[in-house]
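Thanks for coming, everyone. I would like to walk you slowly through one structure today, so please take a moment to look at it before I go on.

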Amino acid sequence: MGLTLIRKSRGAPPHNPHVALVLAGGAVTGGAFKVGGLKALDDFLVSRRVTDFDTYVGLSAGALLAAALAAGVTPGEMVRVLEGQSERLDQLGPLDFYHPNWREYAARPARFFWESLTFAPATGLDLLRALPGLPEALGPPLRAFLRRPSYTRWEALALEARARIAPSREVPSPAAHIPSGIFDNRRLERWLRRNFERLRMPNDFEGLRDRRGRDLFITACNLDSAEREVFGCGENLDLTISEAVQASTALPLLYRPARIRGVEYVDGGVYRTANIDVAIEKGADLIVCYNPFRPITNRLEGVDGRPGRHLSDWGLKAVLNQSFRTLLHSRLKQGLQRYLLDTRFRGDIVLLEPRERDVDFFNVNPLAFWKRAQALQHGFDSVRATIEQNFDVLAEVFARYGMNMSRVAAQRRAARTRAQFGWQVPEEERDLPSGRPELRVVS
């Protein structure tokens, strides 16, 4: 597990510390990875649990988890939801994620067929109307082409003819009639709305703050303006919590844009990898950020004396996977550098990520719902190992903000979790060495 610390706090601890949790995206398996990791983190906390933070900020899969945590749903309960063992909440099923975009599958090909069928007759009528003026309009470019034929003169003649016959009529394009997404994520919104009702929780940001005393912020990208939308108290309140989650999880290509109240939204990760700046603006002193997507450092030197392989040797999937993760991670690193230099923020940031050589998680398909159990356990084991290896420094950071950690409590809770779900203790945890974070940044 990768651990990055940004330490900017100085002097005495804040009197009433404000703690925020920022959750990046991750699709299906990345979301499950985060659930497992959050369960491991929660196991170590004894005086203030993960559901007791002051502010939750989420995008994409992180938006769904942030909404649940802000409503008081523990990471352990989330694990039971994904495993179909929860008695409080409905299980998240594959159709909640993979509901086909039936409406556009039918409507868009039908429209293309109709436009293609009517294009020739309509263009013929336009030609009849334009015939009287064509000789005068096309004479000069036609004579120029005949005197010295070239592609440029032929193009000028064709464009002039088009401008005279049907200047505003477009040839029907198959690309313009491809459905805007494979799936429709409205069922995810209905799942969350239904379960908020089961929890007797308000499905609006102000109501949730009044009930729980917690702030929730969800971000999405406005497709038409290409701007970030932040939903929450003091920000945009046009959508309910479940609608904001629908907007934030509308991953392009996978889902059709979420059109809600006349506005189209796509996944919040399109605009920013995480939204640590939102937590800073809301006054957070300690920010815990969890990002499940980072590129791997490929082992070209190999193991046991054998040469390694380039990522391209694994095919296009590996190349796209690494490129996508690099894009997301580089944006996050640039943001962290800005926060390090921002004189307004005098707190601390704890960033949790997969290990840079975590090939097993790198190879898991982010959209594979059937891999959720594997991702759950992997996230749990990874965070447990990270905290164990860096317990002293993390305990110091959290203690500054009134949050005590306990190895004994974590071991007891982990044993119960593994017994309940049949998870085995990984080899690396049986003899954990002491370690240090991958990076510690001090201003």
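How are α3 and α14 oriented relative to each other, roughly parallel or roughly antiparallel? Please keep in mind, while we work this out, that what you see is a predicted model. In general, two packed helices are described by the angle between their axes and the distance between the axes. Here the axes of α3, residues 75-83, and α14, residues 372-389, come within 10 Å and cross at roughly 160°. Angles over 145 degrees count as roughly antiparallel, and therefore α3 and α14 are roughly antiparallel to each other. On the α3 side the contact is made by V79, L82 and E83, while α14 brings R372, A373 and L376. As for handedness, α3 passes α14 in a left-handed crossing.

Let us turn to another helix, α9, which covers residues 205-212 and in which F205, G207 and L208 are buried. Seen down the axis of α9, these buried residues fall within an arc of 160°, so they line one face of the helix. That buried set packs against α2 (61-70), β5 (215-222), β6 (227-231) and α10 (241-248). After α9 comes G213, whose phi is positive, near 70°.

Finally, the cysteines. A disulfide is a covalent bond between the sulfur atoms of two cysteines, and the count of disulfides here comes to zero. C221 is in no disulfide, since the nearest cysteine sulfur, that of C289, is 19 Å away, whereas a disulfide needs the two sulfur atoms within 2.5 Å. C221 counts as buried, at 5% relative accessibility, and C289 counts as buried too, at 0%.

Technical notes: Residues are numbered from 1 along each chain as its sequence is written. This is a predicted model: local features need pLDDT of at least 70, side-chain atom pairs count only at pLDDT 80 or more; totals for chains, interfaces and linings use all residues. Side-chain values use heavy atoms; hydrogens and water are left out. Buried means under 20% relative accessible area, exposed over 50%, partly exposed in between (1.4 Å probe, protein chains only). Helices (H or I, at least four residues) and strands (E, at least two) are DSSP runs, numbered from the N terminus. The arc is that of the directions from the helix axis to the C-beta atoms. Contact means heavy atoms within 4.5 Å. Axes are lines fitted to C-alpha atoms, for helices over the stretch in contact, and angles run from 0 to 180 degrees between N-to-C directions. Angles under 35 degrees count as roughly parallel, over 145 as roughly antiparallel, 65 to 115 as roughly perpendicular and the rest as oblique. A crossing is left-handed if the near helix is turned anticlockwise from the far one by less than a right angle, and right-handed if clockwise.
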